[in-house]
Protein chains: 2
Amino acid sequence: MKFIISHTDGNARSGVIYTDHGAFHTPAFIPVGTQGAVKAMPHDVLEETGTEILLCNTYHLYLRPGTDVLQEAGGLHKFMSWTKPILTDSGGYQIFSLSPLRKIEEAGVQFRSHLDGSLHTFTPENVIDIQRIIGSDIMMVLDECTPYPCEREYADNSNDLTLRWARRCHDQSRRTSPLYDHSQALFAIVQGSVYPELREYSASVLSDMDFEGYAIGGLAVGEPVEQMYEIVALCNEILPQEKPRYLMGVGTPENLLEAIERGVDLFDCVLPTRNGRNAMLFTKYGSLNITNAQYKNDFTPVDETCECYTCRNYSRAYLRHLFQAKEISGLQLATTHNLYFYQWLMRHARQAIVEGRFNEWKQEQLLTLHKELLVYT
Amino acid sequence: MKFIISHTDGNARSGVIYTDHGAFHTPAFIPVGTQGAVKAMPHDVLEETGTEILLCNTYHLYLRPGTDVLQEAGGLHKFMSWTKPILTDSGGYQIFSLSPLRKIEEAGVQFRSHLDGSLHTFTPENVIDIQRIIGSDIMMVLDECTPYPCEREYADNSNDLTLRWARRCHDQSRRTSPLYDHSQALFAIVQGSVYPELREYSASVLSDMDFEGYAIGGLAVGEPVEQMYEIVALCNEILPQEKPRYLMGVGTPENLLEAIERGVDLFDCVLPTRNGRNAMLFTKYGSLNITNAQYKNDFTPVDETCECYTCRNYSRAYLRHLFQAKEISGLQLATTHNLYFYQWLMRHARQAIVEGRFNEWKQEQLLTLHKELLVYT
């Protein structure tokens, strides 16, 4: 993996990350394809949204289809027929959010499958081994994602454990090699809850370990948004300038712009896909719920200035009808629009950085982005 | 509407139907887009399967989005952004299969909406009016679709009522004009259950009324398949040679080939779409249930000789995974394959007719078509 920062504008950066499955541009939004599929989106539709890299979940793929199938397929790219880069999380977050039972020990974390209750253990070593079998272009270390709020003492101890696990993941990645004919990078994850000194400590220790990229985890879990921005800024002061920075699980269009301004390069989030399936559509003029009665006979597109497949072809009235009638294609059309919008936002953010007017452009966007579109004609 | 039969081979015919929304080739398979959408299929994907004409349901569209919205949109084509031909059924069949309450009288049929229980009436006149508002290229008359088995006396009386309704639909279509700038054809529906003399009578009376096309209804409702083929043959002996013949709600690939041999030009059926959503995939070598354990690590396509998007890009193992994981995209990929297969079958049937070897080709297909694919490698 190679990261070339071509332009900076304040703390904001624009560049390209090169992997053996091709390059993607940063700042990048990474759609979430939990089970090896972005919900409601065949790959061709996904690529048309401007998506250049996918996130898949180690926890889910480990449980189903399982590492035996993935290895026999020759890795996840081949299994799912996705030829562009893939980033996998380590599974830590899913264990904490999905497993009905978990036990954290120094060695690793024991958990029960949310599918069948079977008992499993993830260790820093085996999450690397699993991600080797998956063959993701970017692997993540095993971490504990602390909840919010979180006692300082718990956060401190958890942070130390996450750092020891990061070291073990790093070691395991050096002891092992890719199973397929492409290289795999390993990113660390900064934790430390909302405590600046823990975040600083985490970022410093991890920076010294020389990972190929750094994620900021444990945010957007309920803390005030200003606190999130402060921690992002703080981490990015410490993390190495020349390495990619990835803000995990974030966020709204507004969150993305604020974090880009503070030096973040990568994002993943279920918002555009999940909200799309719930009839909530993002536009540069605010968001709208397409099931609202006001759209019943609104024959204009979701956003007349949007060039996505959905807006080029269908009206709000028809989309509303599809949702009212519980037609599956409505889910795809809404998801397509939302992902296209997120990728549009990233493309324009990159352009604004290149042109040295990121802050000005961001201010313009914020005037309308966060509105809920109650009347829009 | 204009129907040109370019080739015949025995009773089988191949040709083109021209409408103001473009031409489509016969024998034609018409996918079912009940609510103004083929389930799980955005239009571009649908067109890639080779689909040239859609069926939509008057009953469903009348209830939702309603004629007010459809009229304001400028008709169904504009509402749903489908530029190719649309055929609408009259709603009769849905009243009998979906409505929790119905009352048939000379004037028409009273029914309750399956959505909200509200009371409505369809008459021969207003189903034409509604289809004028929908703006379908091919409208259907209101009929009573008799169940199987059906007492002869009931079938006889019902048949007479359907014939009187057909006359009234015909009259209403002559009294009214299209609301938009394209013409609309009206097809009659032959009923008469499994009684040859009733079918003969229905076909004769309707033939004399000079409709633009003729459907054979009330079949594939439980009667033995050989009886269905006999009635199809009988009706087609009587129906005018130069008009399109449409076998409603049929059927399996095998049914289609047998009916084409007996002179049918058009088919609609939910089988490829509904079965696809239930993981059942049609191939020229038989059908398979993609959730079977044997496909867990089968990295070949559903059909290596199939050129559909699904087979060109995805393996059985991945499709199985999508169904196991309840991923929505699995529904689209399965539907895409099945519709592509049905359109492939029609394309090859047309070619075989053109080349004067339909029966021979049909026999070849039947050797494998109806198999259930338990082991296929």
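Guide: Two strands pair if DSSP finds at least two bridges between them. Strands (E, at least two residues) and helices (H or I, at least four residues) are DSSP runs, numbered from the N terminus. The structure above is a predicted model, in which local features need pLDDT of at least 70 and side-chain atom pairs count only at pLDDT 80 or more, whereas totals for chains, interfaces and linings use all residues. Residues are numbered from 1 along each chain as its sequence is written, while chains are lettered from A and ligands numbered from 1 in the order in which they are written.

Visitor: How many bridges join strand β8 of chain B to strand β9 of chain B?

Guide: There are four bridges between β8 (residues 109-112) and β9 (residues 119-122) of chain B, and these strands run antiparallel. Within this pairing, Phe111(B) has His120(B) of β9(B) as its bridge partner. The two strands form a hairpin with six residues between them, and Gly117(B) has a positive phi near 75 degrees there.

Visitor: Which hairpin in chain A has two residues between its strands?

Guide: That hairpin is formed by β2(A) and β3(A). Strand β2 (residues 12-19) is antiparallel to β3 (residues 22-26), and five bridges join them.

Visitor: How many helices and strands does chain A have?

Guide: Chain A has 14 helices and 16 strands. For 377 residues, a compact globule would have a value near 21 Å, and the 20 Å of chain A agrees. Its C-alpha atoms fill a box of roughly 60 × 45 × 40 Å along the principal axes.

Visitor: What percentage of the residues of chain A count as buried?

Guide: A residue is buried if 20 or more other C-beta atoms lie within 10 Å of its own, exposed if 12 or fewer, and partly exposed in between; the C-beta atoms are placed from the backbone. By this rule, 54% of the 377 residues of chain A count as buried. Leu369(A), in helix α14 (residues 358-369), is buried because 20 other C-beta atoms lie within 10 Å. Asn159(B), in helix α6 (residues 152-175) of chain B, is also buried, with 24 such atoms.

Visitor: Which residues does Leu369(A) touch?

Guide: Two residues are in contact if their C-beta atoms, placed from the backbone, lie within 7 Å. Not counting residues up to four places away in sequence, Leu369(A) touches Pro253(A), Glu254(A), Lys284(A) and Gly286(A). With the same exclusion, Asn159(B) is in contact with Gln191(B), Gly192(B), Leu198(B) and Ser202(B).

Visitor: Which residues have the most contacts inside the largest nonpolar core?

Guide: In soluble globular proteins, nonpolar side chains tend to be buried together. A nonpolar core is a set of buried Ala, Val, Leu, Ile, Met, Phe, Trp, Tyr and Cys residues joined through C-beta atoms within 7 Å. Here the largest one has 216 residues, and those with the most contacts inside it are Phe187, Ala215 and Leu247 of chain A and Phe187, Ala215 and Leu247 of chain B. Beyond its neighbours within four places in sequence, Phe187(A) has contacts that include Ile138(A), Met140(A), Phe211(A) and Tyr246(A).

Visitor: What rotation superposes chain B on chain A?

Guide: Copies are superposed by least squares on the C-alpha atoms of residues with pLDDT of at least 70 in both. A rotation of 180 degrees, with 0.0 Å of shift along its axis, brings chain B onto chain A (RMSD 0.0 Å). The two copies are thus related as by a two-fold rotation axis. In chain B, Ile328(B) comes closest to that axis, at 3.8 Å (C-alpha).

Visitor: How many residues of helix α12 of chain A are buried?

Guide: Eight of the nine residues of α12 (residues 316-324) are buried, so this helix is largely enclosed by the rest of the structure. Among the buried ones are Tyr318(A), Leu319(A) and Phe323(A). The cover over them includes α13 (328-354) of chain A, together with α2 and α3 of chain B.

Key
The radius of gyration is taken over C-alpha atoms; the globule rule is 2.2 Å times the number of residues to the power 0.38.
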